Every structure is written in structure tokens, then in C-alpha cells.
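Here are my notes on this one, point by point. Have the viewer open while you read.

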Amino acid sequence: MNILTNSHIFSNLVLSIAGVLVFLKYFKAQTIQSRLLWGIFLLSISINAAVELLVFAGVEKLETVHIITQAAEMTLGAICMVVASFGLILKYVPSVMVMISTLALGLTLFLSILLYKVPYLGLIIQPFCIIVTLCISCLGLAYRQKSALWVVFAMTLLAVSAKSQSIPLPMHPLDLNHYIIVLSIICVGRAAQDQYKILF
């Protein structure tokens, strides 16, 4: 199937590439623990988009894999995003124990969705993580952290992407969702770039 003739495949391709490129470009200077947490957040989005791309391309065998990657993005990826954002905005270096605890919590929630068949859990966890990250960003803004402003933009865009069906634009809601998430990922990258800069 020609990628350019299917908007869903193209938007998924853009999203999957964006996550990888932003991670490779902006997070080189982070500590190993922070890079791992950001990597799980960004790469879970990229992997899910890549699998969804293949499903739209006609690889029906990957539908079950898509359910798994989607659950990982909404739970493990979201939890890692909160802790990584906290470290980025407040200049806190996550310890190995914090990293392990974060991964353990994220994996527990992820496995709960898969083993106990509660997909709605991800629909609760992800918005909650966005709200918590926004609260952390507000604290960072109080300290005039420029990175906090970028994280506010990123979380706002993530929240808006969930409501893409209500946005009156001449584009399929799924594609619009993907492109808004791409913008959010870029904002996250800029937050990492401006970690030690002051707003004013």
C-alpha cells in the first residue's frame, strides 16, 4: 500500500519517527536514569505508532500487539513521563531506586490492563499523569524555569489530542491526534534543551 494514499499510515509514520528523533537529539545530556525514563515515554509512543501503521497497512496479525503497545503507552509511558518531568523541571536526578520504583509501578499498571482485562484503566491513568505533570510544571513556573513552560505546552497539547474529534478542522480526527502529539513531543524536546534556562 502506498503510504501517501493512506493518511493514517502517513501520520503514524510521522509520529513514530518524531519520537525517535526527538529522543536522540534532545536527551543526550540527561543522566542515564532520566534518559531511560524519557526513552520509555517517547519510544512507547513511537513503537505504538509503528505497530498501528502496520495494522493500517494490512498486517492484521499485529492487532493484539497493538493492544499491548497502546496499553504500555498509556500506563508505563505515562508514569515515566511524570517522574522524568519532575526531574527535568526541578533539576532532580532520579536515583536508581526511584527509577526502579517508577518502572515497577508502570509495569504493574500495564500488566493489570492485560491480565485483568481493564482497558479503561489506561484511560484514567494517562489523563491523571498529564494533570500531575501540569501541576509540577506550575511549580517550575514559580521558579521561572523555561523548561516548565515547554512542559505546560506539551501537556496541554496531549490533553487537546484526546479531544481531536471535537476540533473543527478538515482532517480525520485520528490523523489530527497524531500530529498534535508530534507537536507535544517537540515541546518535550525543547523542555530538555532549555532545562537550565530562566524565563525572565
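1. Ground rules first: helices (H or I, at least four residues) and strands (E, at least two) are DSSP runs, numbered from the N terminus. This is a predicted model, where local features need pLDDT of at least 70 and side-chain atom pairs count only at pLDDT 80 or more, while totals for chains, interfaces and linings use all residues. Residues are numbered from 1 along each chain as its sequence is written, and side-chain values use heavy atoms, with hydrogens and water left out.

2. How do the spans look in the model? Residues 6-24 are 95% helix and 0% strand, with end C-alpha atoms 28 Å apart. For residues 65-89 the figures are 100% helix and 0% strand, and the end C-alpha atoms lie 34 Å apart.

3. Helix H2 takes in residues 32-56, 25 residues in total. From first C-alpha to last, H2 reaches 35 Å, close to the 36 Å expected at 1.5 Å a residue (the expected span is 1.5 Å times one less than the number of residues). Just after H2 comes Gly58, with a positive phi of about 110 degrees.

4. Now the aromatics: there are five pairs in the structure, a pair being rings of Phe, Tyr and Trp (its six-membered ring) with centres within 6.5 Å; planes under 30 degrees apart are stacked, over 60 edge-to-face, and the rest tilted. Phe27 and Trp38 make a tilted pair, because their planes sit at 40 degrees, with ring centres 5.2 Å apart. That pair links distant parts of the chain, 11 residues apart: Phe27 is in the loop between helix H1 (7-26) and H2, and Trp38 is in H2. Phe23, Phe27, Trp38 and Phe41 form one aromatic cluster.

5. Are Phe27 and Trp38 buried or exposed? Buried means under 20% relative accessible area, exposed over 50%, and partly exposed in between (1.4 Å probe, protein chains only). Phe27 is at 0% and Trp38 at 1%, so Trp38 is buried, and Phe27 counts as buried too.
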